[in-house]
Amino acid sequence: MDRYARWNTLLEILAETGRITVEEAAERLGVSQATIRRDFDQLSQQQMITRTRGGAVAGGISYDLPLRYKTARHVEEKHRIGTAAAGLVSPGQVIALNGGTTITEVARSLAMRTDLVATPGSTGLTIVTNALNIANELIVRPHLKVVVVGGVVRPQSYELIGPLAAPILREITLDIAFLGVDAIDMKLGATSHHEGEAAINALMAARARKVVVIADGSKIGGHAFARICPTDRVHTLVTDGNAPAEQLRGFEEAGIRVIVV
């Protein structure tokens, strides 16, 4: 297990339990206590945990981990979801991608689709995004037109948020908005931990003919702080087999297309 994988696991344990000792952490991760002490010290320096005598307690940030610590979560499921979602795109469309690890998999799958390359007399795929990491990955693909909205970078997710993004989004029309969410529930809708991200995602949804929500099974039926859009604005939900069957039936009964991979 490399350092980032250890940190990710430690932060998830602290998010669930609130505290852990060096001895407990070393046993659970199968590493030495000296390694755990170094990990705790480094995470404490980044203000992600609070160091205690003999252990650590959760910091206020643990509910919403920085993107680089989320990559180890549900990796295979996110890859399958990304491939399935990318399959919904047709050549010549204008699509939006927000940020997050699962949406990043959508972007990577789109980049690999050779059928999206423009032919003489046709228009290539246009991707509008507020995520700097996604723009960075796609900009090297000459067959893709990449549009990045303005805003202030949120380090947690690499997403651009704030009022500077709104003028661009208000002037464009999208065929599909692919939205990675922190949770989606039949009654509460699609939600995000951060109100700034939710506001930009809501504007993407408003400018799109279709809204496709991307969420691994752990996010189905949950809720987060800020609403992105109500459920009746969602056309398609792409998730995995870990999603609660009862929740998925509710989405289907509401007329939402559910794709389970």
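This report describes the overall form of a predicted protein model and then several of its residues in their surroundings.

## Basis of the description

The model is predicted, and local features need pLDDT of at least 70, while side-chain atom pairs count only at pLDDT 80 or more and totals for chains, interfaces and linings use all residues. Residues are numbered from 1 along each chain as its sequence is written, and side-chain values use heavy atoms, with hydrogens and water left out.

## Overall form

The protein has 10 helices and 15 strands, where helices (H or I, at least four residues) and strands (E, at least two) are DSSP runs numbered from the N terminus. Its radius of gyration, taken over C-alpha atoms, is 19 Å, which agrees with the value near 18 Å that a compact globule of 261 residues would have; the globule rule used here is 2.2 Å times the number of residues to the power 0.38. Along the principal axes, the C-alpha trace spans about 65 × 40 × 35 Å.

Of the 261 residues, 51% count as buried, a term that stands for under 20% relative accessible area, with exposed meaning over 50% and partly exposed lying in between (1.4 Å probe, protein chains only). Contacts are defined by heavy atoms within 4.5 Å, and among those between residues at least 6 apart in sequence, 67% join residues at least 24 apart.

## Surface and charge

The protein exposes about 12,200 Å², of which carbon and sulfur atoms supply 51%; accessible areas come from the Shrake-Rupley method with a 1.4 Å probe, and for residues only the protein chains shown count as cover. The mean positions of the 28 positive and 27 negative charges are 4 Å apart. In this count Lys and Arg are positive and Asp and Glu negative, with His and the chain ends not counted, and each charge is placed at NZ of Lys, CZ of Arg, CG of Asp or CD of Glu.

Over residues 3-58 the chain is 64% helix and 20% strand, and the end C-alpha atoms are 18 Å apart.

An α-helix has 3.6 residues a turn, so residues three or four places apart point the same way. Not counting residues up to four places away in sequence, Leu-14 touches Arg-19, Ile-20, Ile-49, Ala-56, Val-57 and Ala-58. The C-alpha atoms of Leu-14 and Ile-36, 22 residues apart along the chain, are separated by 13 Å, while Leu-11 and Gly-82 are 71 residues apart in sequence and 25 Å apart in space, C-alpha to C-alpha.

Helix H6 (residues 101-111) is mostly covered, with 10 of its 11 residues buried. The buried residues of H6 include Ile-103, Val-106 and Leu-110, and also the charged-type residue Glu-105.

In helix H9 (residues 195-206) lies Leu-203, which is buried with a relative accessible area of 18%. Leaving aside neighbours within four places in sequence, Leu-203 is in contact with Ala-166, Leu-169 and Arg-170. The C-alpha atoms of Leu-203 and Cys-229, 26 residues apart along the chain, are separated by 9.3 Å.

## Two loop residues

Tyr-158 is found in the loop between strand S7 (152-154) and strand S8 (159-161), and counts as partly exposed at 30% relative accessibility. Although Tyr-158 is not a glycine, its phi is positive, at about 65 degrees. Most residues other than glycine have a negative phi.

Val-234 lies in the loop between strand S13 (226-229) and strand S14 (236-239), and at 6% relative accessibility counts as buried. Leaving aside neighbours within four places in sequence, Val-234 is in contact with Val-211, Val-213, Cys-229 and Ile-256. The C-alpha atoms of Val-234 and Ser-122, 112 residues apart along the chain, are separated by 29 Å.
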